[in-house]
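Hi everyone, thanks for coming. Let me put the structure up on the screen, and then we can walk through it together.

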Amino acid sequence: MTPCRSNGNRKLLFLAILVTTVSVYTQAAALEAREDLEVLYPPQFTTNRIVGGEDAPEDLAPYQISLQSLKGRHFCGGAIIDKRWVITASHCVAGAKPEKLKVLTGAYNLKNHTGKYYFADRIVMHCSYNNPAYANDIALIHLNRSIEFDEHTKAVEYDSEPLKDGDELVLTGWGTLSLGGEVPQMLQTLTVKYVPFKECRAAHDNSTWVDIGHLCTFNDKGKGACHGDSGGPLVHNGKLVALVNWGRPCAKGFPDAHARVSYYYDFIRTTLSGCLREPEKPKEPAKEPPKEPEKEPAKEPPKEPEKEPAKEPPKEPEKEPAKEPSKEPEKEGEKEGEKEGEKEEEKVTSASSSA
């Protein structure tokens, strides 16, 4: 092999290594950029929850619920608003069947608790959920029996008063203390500040994902909501104002977006009053066993035509009885002789009787 050819091969090899290295770094940078812009949204079955929170004092949030699978896996939060209703985010229950969900109430420790379980029998999602994208992310779950209220389990009132810039809200949920950490057993809490709508949308590059029905909050970079806190309550002065919806995971320094409860007051009110119900699927009628084809009645043999009765021979005309020969009139002399004979006989009869 000549020296020139050897040098040429080395240059080609060096260029190939350089191109490969640049490509790897470029892909890594692009991946990192995509991760920074990833939106907190389904799937919810992750181990990430509240980032930067701390253990909640007992009885801080007696309205808090844990939405779980039948196997007891927590995947979303929510709040009690009535003895038979809890409220959460639509993306927590999208595609779920009510009979596959259970609700844990009155618990602060997910493993060692004295809370009670209730089972869902109906899910009512907002009819315009995710239309437009990330909007109307709110749902109501009806329970199969009434919740038993006590000092650890209570319903929360919802607030319709407008918030001011800088108002503090309390977020609760079962979350990690750092991104990617383990799920703690104890309920976590974090205080966040309200961010006005225009400011929130501007922080998200004027994205339409920030909808008029959203309420935004912010704390510090490194603190905020994350996967699994979805549907969880945010309260202001003890009243429910929002439910966790989405954000750029997790605690990246952008405001988090939540469903503003006051915006959906009519949806909540009409659903709880029974005026708004999801159309029930018509039940298919029970299939009847196929009927056997009816047998045709046996054909009767054709009747023979009735015979006409034999005609009677014509009757001979009845003969008139022979006329008796007319009696000749008795002669008057004979009649007189007879009368005289009769008189003589009477005389003889009377004489004999006298003798």
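## A walk around the barrel

Let's start with the barrel: 6 strands close up in the order β2-β3-β4-β7-β6-β5, with antiparallel pairing. On average, and ignoring direction, neighbouring strands of this sheet are turned by 40 degrees against each other. Please keep in mind that what you see is a predicted model.

On one side of the pairing, β2 (residues 64-69) is joined to β5 (residues 101-105) by 5 bridges, and the two run antiparallel.

β2 and β3 make a hairpin, with 4 residues between them. In the turn you will find Gly-72, with a positive phi of about 90 degrees.

Now, which residues of β2 are buried on each side? In a regular strand, the side chains alternate between the two faces of the sheet. In β2, one side has Gln-64, Ser-66 and Gln-68, the other has Ile-65, Leu-67 and Ser-69, and all of these are buried. That makes 6 of 6 residues, with the strand mostly covered.

α4 lies across β3, β4, β6 and β7, and runs at about 20 degrees to β7. Which residues of α4 (residues 265-272) are buried? They are Phe-267, Ile-268 and Thr-271. These residues sit on the same side of α4, because they cover an arc of only 95 degrees around the axis. The buried residues of α4 pack against β3 (74-82), β4 (85-88), β6 (116-125) and β7 (139-143). After α4 comes Gly-274, which has a positive phi, near 85 degrees.

While we are in this area, have a look at the loop between β6 and β7, where His-126 lies. Is His-126 buried or exposed? His-126 counts as buried, because its relative accessibility is 15% and the cut-off for buried is under 20%. Leaving aside neighbours within four places in sequence, His-126 is in contact with Ser-90, Asn-136, Ile-138, Tyr-264 and Phe-267.

As a reminder, a disulfide is a covalent bond between the sulfur atoms of two cysteines. How many disulfides does the structure hold? There are 2.

One of them joins Cys-76 to Cys-92, with 2.1 Å from S to S. This pair links distant parts of the chain, 16 residues apart: Cys-76 is in strand β3 and Cys-92 in helix α2 (residues 90-93). The link is left-handed, with -80 degrees about the S-S bond. Both Cys-76 and Cys-92 are buried.

The other disulfide joins Cys-200 to Cys-216, with an S to S distance of 2.0 Å. Cys-200 lies in helix α3 (residues 197-203) and Cys-216 in strand β10 (residues 214-218), so the pair ties together parts that are 16 residues apart in sequence. This link is left-handed too, with -70 degrees about the S-S bond. Cys-200 and Cys-216 are both buried.

One last stop, at Thr-189 in strand β9 (residues 188-195). Thr-189 is buried, because its relative accessible area is 9%, where the limit is under 20%. What does its side chain reach? The side chain of Thr-189 reaches the backbone oxygen of Leu-171 at 3.3 Å. Not counting residues up to four places away in sequence, Thr-189 touches several others, among them Gly-53, Asp-55, Leu-60, Val-170 and Thr-172.

That's my tour; over to you for questions.

Terms used
Residues are numbered from 1 along each chain as its sequence is written. This is a predicted model: local features need pLDDT of at least 70, side-chain atom pairs count only at pLDDT 80 or more; totals for chains, interfaces and linings use all residues. Side-chain values use heavy atoms; hydrogens and water are left out. Buried means under 20% relative accessible area, exposed over 50%, partly exposed in between (1.4 Å probe, protein chains only). A polar contact is a pair of N or O atoms within 3.5 Å; within protein, one must be able to donate a hydrogen and the other to accept it, and residues adjacent in sequence count only if both atoms are side-chain atoms. Contact means heavy atoms within 4.5 Å. The arc is that of the directions from the helix axis to the C-beta atoms. Two strands pair if DSSP finds at least two bridges between them. Axes are lines fitted to C-alpha atoms, for helices over the stretch in contact, and angles run from 0 to 180 degrees between N-to-C directions. A disulfide is a pair of cysteine sulfur atoms within 2.5 Å.
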